[in-house]
Amino acid sequence: MEASGILPILKKKLAFLSGGKDRRSGLILTIPLCLEQTNMDELSVTLDYLLSIPSEKCKARGFTVIVDGRKSQWNVVKTVVLMLQNVVPAEVSLVCVVKPDEFWDKKVTHFCFWKEKDRLGFEVILVSANKLTRYIEPCQLTEDFGGSLTYDHMDWLNKRLVFEKFTKESTSLLDELALINNGSDKGNQQEKERSVDLNFLPSVDPETVLQTGHELLSELQQRRFNGSDGGVSWSPMDDELLAQPQVMKLLDSLREQYTRYQEVCRQRSKRTQLEEIQQKVMQVVNWLEGPGSEQLRAQWGIGDSIRASQALQQKHEEIESQHSEWFAVYVELNQQIAALLNAGDEEDLVELKSLQQQLSDVCYRQASQLEFRQNLLQAALEFHGVAQDLSQQLDGLLGMLCVDVAPADGASIQQTLKLLEEKLKSVDVGLQGLREKGQGLLDQISNQASWAYGKDVTIENKENVDHIQGVMEDMQLRKQRCEDMVDVRRLKMLQMVQLFKCEEDAAQAVEWLSELLDALLKTHIRLGDDAQETKVLLEKHRKFVDVAQSTYDYGRQLLQATVVLCQSLRCTSRSSGDTLPRLNRVWKQFTIASEERVHRLEMAIAFHSNAEKILQDCPEEPEAINDEEQFDEIEAVGKSLLDRLTVPVVYPDGTEQYFGSPSDMASTAEHIRDRMKLVSLKRQQLRHPEMMTTES
């Protein structure tokens, strides 16, 4: 783990090694908790990094961990202490939890760490900041805990980055220099490869790395990682970290390898030219125009699959590998010829230039043919790769279409339909990509005759062309078949969506009708204070019944549609055995309750109308008022209405239900009795007119 990889986390100073030591010479690890919630994952990463810095010898002495909980909550402190068990259980010897001046509430600190010592693997103590010196010397504590030890976290982090960067760059440079230097030590058998290795340059400047190392070493020697000169500390670690010896060792190795590298470069610059240039030039030319060209003539196919194309590509790489050896010789010869041209005599210039031109022409022509063949095979491999991916997509789509649809609800059908459309779209994209790759490959094949050395490649090319066109046509046919099946599946799934929707809406209609029935029984209980109000209530009730009738008709229509869809899909409707009986049962109950409500309202209208006629003062019609039969009729209707209020609504299944609560019915009955009393009083007044005179 490197500091540069977790730099944002390290900057937060979730934990640090101040350089201080406990009385056992163990390092002090400080975890300063703050008011904000501490990210435990980031704290764990910080601890892992800090614990990777000390040497094994230093770790063996154990750590003293200071958990500064003065600005945090008890549950956070407890979580951090328990986390230490998983991060560094074997390396922690003591954990000092610095508690705030106002200690945490006892009810949240009942967790006794000292009882958990065996399980945790270390001792935990709660201590105030001013009493921390009982366990650690003041000179080993930072200023945050009243100590005298100076620690600058950002300065340590910056120096740590420099140290890790130098270590990484120097190690990489040593490997590169060793690779170059070892290449120069190979025997005569690898002489050609050696010339190629020596052309390899280090990725970084050795001089720059050496300078950085010397500056770092100087800084280490001055500050010793722990600020021994009284200045700002460089790092929380001491000499046990072996930082200074490590830098010195790397510098020594770098100087040694760099000296060898310079010597290799000098030797390369002094390498003598081959004595028989003309013979080697002819060897290169004869091989490239002979066996090399024959190898390319024998390779014309592109394969009929990824595996076949890869095999051809591997074969071509073998051919390229053989050519590379000769191309390496060509590069070397060309350089030697150029050097000889610069320092040669005039009598050798014509011959050297002729050899150089001949060698360059043959090598460039052969390299162009190799590159063309490589590009052709790469295009064929990409074509077969796209074809294979498309075939797998079509197989997956076909497999999805062959599985019968048995979703649980409309949402799952919509999801399946969406997935089906996405797969079909992906197939369209794949087929378009296959066409593009195929057309590009056909264009390349049409240019193959340009380097065929006079050989007729029409027959071979025709086989390749027929194969490419056959693959594209086959994929097109498979895609068309899948599209046809998708159309059928889409129609079926849309019908299933409609089926689920109808079933859901039918069930909703039953719920609505149940709610209307509940509202009828619980809220439609008033009978009106007079005939006019009762008539208004009767009219409202009829509209209410119309709404219920519409809801019932709507549910019936949905269930009928469900039956039709089920017949079309050849499946069993769940509503036929559940929703329809529920709908009919609720509607029957509503009808019975509604009829009872109508009867009560009609009786109330008759009662109030006759009562109002009697109670009105109409001297013009005394014979009507004095009719005893009217009084008897009013009294009979009133009693019947009172009796009806006490009778529950009886459903076909034998269950009973009352309108409203007993208090509601009592209130309505009381009003009717009051009206009956007025009618009775009026009757007495008409029988004894002298009572009216006396009262007046």
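Mentor: In the largest nonpolar core, which has 79 residues, Leu434 and Leu441 touch the most other members. A nonpolar core here is a set of buried Ala, Val, Leu, Ile, Met, Phe, Trp, Tyr and Cys residues joined through side-chain atoms within 4.5 Å. Buried means under 20% relative accessible area, with a 1.4 Å probe and protein chains only. At least two residues of this core come from each of H12 (346-402), H13 (410-446), H14 (458-523), H15 (531-569), H16 (579-615), H18 (628-645) and H19. H14 gives the largest share, 19 residues. Helices are DSSP runs of H or I, at least four residues, numbered from the N terminus.

This is a predicted model: local features need pLDDT of at least 70, side-chain atom pairs need 80 or more, and totals for chains, interfaces and linings use all residues. Numbering runs from 1 along each chain as its sequence is written, and side-chain values use heavy atoms, without hydrogens and water.

Now Leu434. Leaving aside neighbours within four places in sequence, Leu434 contacts Phe383, Val386, Ala387, Leu390, Val471, Met472 and Met475. Contact means heavy atoms within 4.5 Å. A second, separate core has 39 residues, including Ile31, Leu47, Val124 and Tyr151.

Back to H19, residues 662-687. Its buried residues include Met665, Ala669, Ile672, Met676 and Val679. An α-helix has 3.6 residues a turn, so residues three or four places apart point the same way. The 26 residues of H19 should span 38 Å at 1.5 Å a residue, and the end C-alpha atoms are 37 Å apart, which agrees. The expected span is 1.5 Å times one less than the number of residues.

Across the chain of 696 residues, 42% count as buried.

Key: Buried < 20%, exposed > 50% of the residue type's maximum accessible area, 1.4 Å probe, protein only.
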